[in-house]
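Please walk through this structure with the sequence at hand. The paragraphs below take up a strand, then a loop, then a helix.

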Amino acid sequence: MLSETADYEIRPLTSADEQILWEMLYEAVQDAGVETAAPEIVKRPELARYVEKWGGAGDVGFVASDKNRGQALGAVWMRPFMSEAKDGSSELAFAVRSTHRRHGIGAALLTQWVRANPQQSAVRLRVGENNPAVRLYEQFGFRVTEESAGVVTLRRDL
């Protein structure tokens, strides 16, 4: 399913998109306050697990790309092993390039995610409670139910 707006399009991620996810992971790390971190930081095991060998069973997500240049602008994705919580929540990875934030791309990606995964009532984000991504999830009916050590759990009633 391809979702379109004036400047970008959203499509499902495929195994051919691993490089895009490395770029998006680096954007997420930069957003987490690791200023001027070397790109190699994403190869650390605690971060690489979000992307390495993307495209296996259960790997799902979406990417927003510039229609004219084909550049990835943002992505939202989840892997099966990212659901370590006992409460049934799944951890999502989510990033929008800093140069393209506040243009509705994050909201469009999350809209696509919610439509494709309507049964997903609980998610975990590795961000602080004041991160703008939390506010975005709240706009979609999620509410913060737990926060500890930089991990926020959000739930929504189905």
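V151 lies in strand β9, which covers residues 151-155. Helices (H or I, at least four residues) and strands (E, at least two) are DSSP runs, numbered from the N terminus. The model is predicted: local features need pLDDT of at least 70, side-chain atom pairs count only at pLDDT 80 or more, and totals for chains, interfaces and linings use all residues. Residues are numbered from 1 along each chain as its sequence is written, and side-chain values use heavy atoms, with hydrogens and water left out.

V151 has a relative accessible area of 7% and is therefore buried; buried means under 20% relative accessible area, exposed over 50%, and partly exposed in between (1.4 Å probe, protein chains only). Between the C-alpha atoms of V151 and E91 there are 9.2 Å, although the two residues are 60 apart along the chain.

D17 sits in the loop between β2 (8-12) and α1 (18-31). With a relative accessible area of 5%, D17 is buried. Beyond its neighbours within four places in sequence, D17 is in contact (heavy atoms within 4.5 Å) with R11 and P12. The side chains of D17 and R11 also make a polar contact, at 2.7 Å. Such a contact is a pair of N or O atoms within 3.5 Å; within protein, one must be able to donate a hydrogen and the other to accept it, and residues adjacent in sequence count only if both atoms are side-chain atoms.

In helix α4 (residues 132-139), the buried residues are A133, V134, L136 and Y137. Seen down the axis of α4, they fall within an arc of 160°, so they line one face of the helix. The arc is that of the directions from the helix axis to the C-beta atoms. P132 and Q139, on the other side of α4, are exposed. After α4 comes G141, with a positive phi near 95°.
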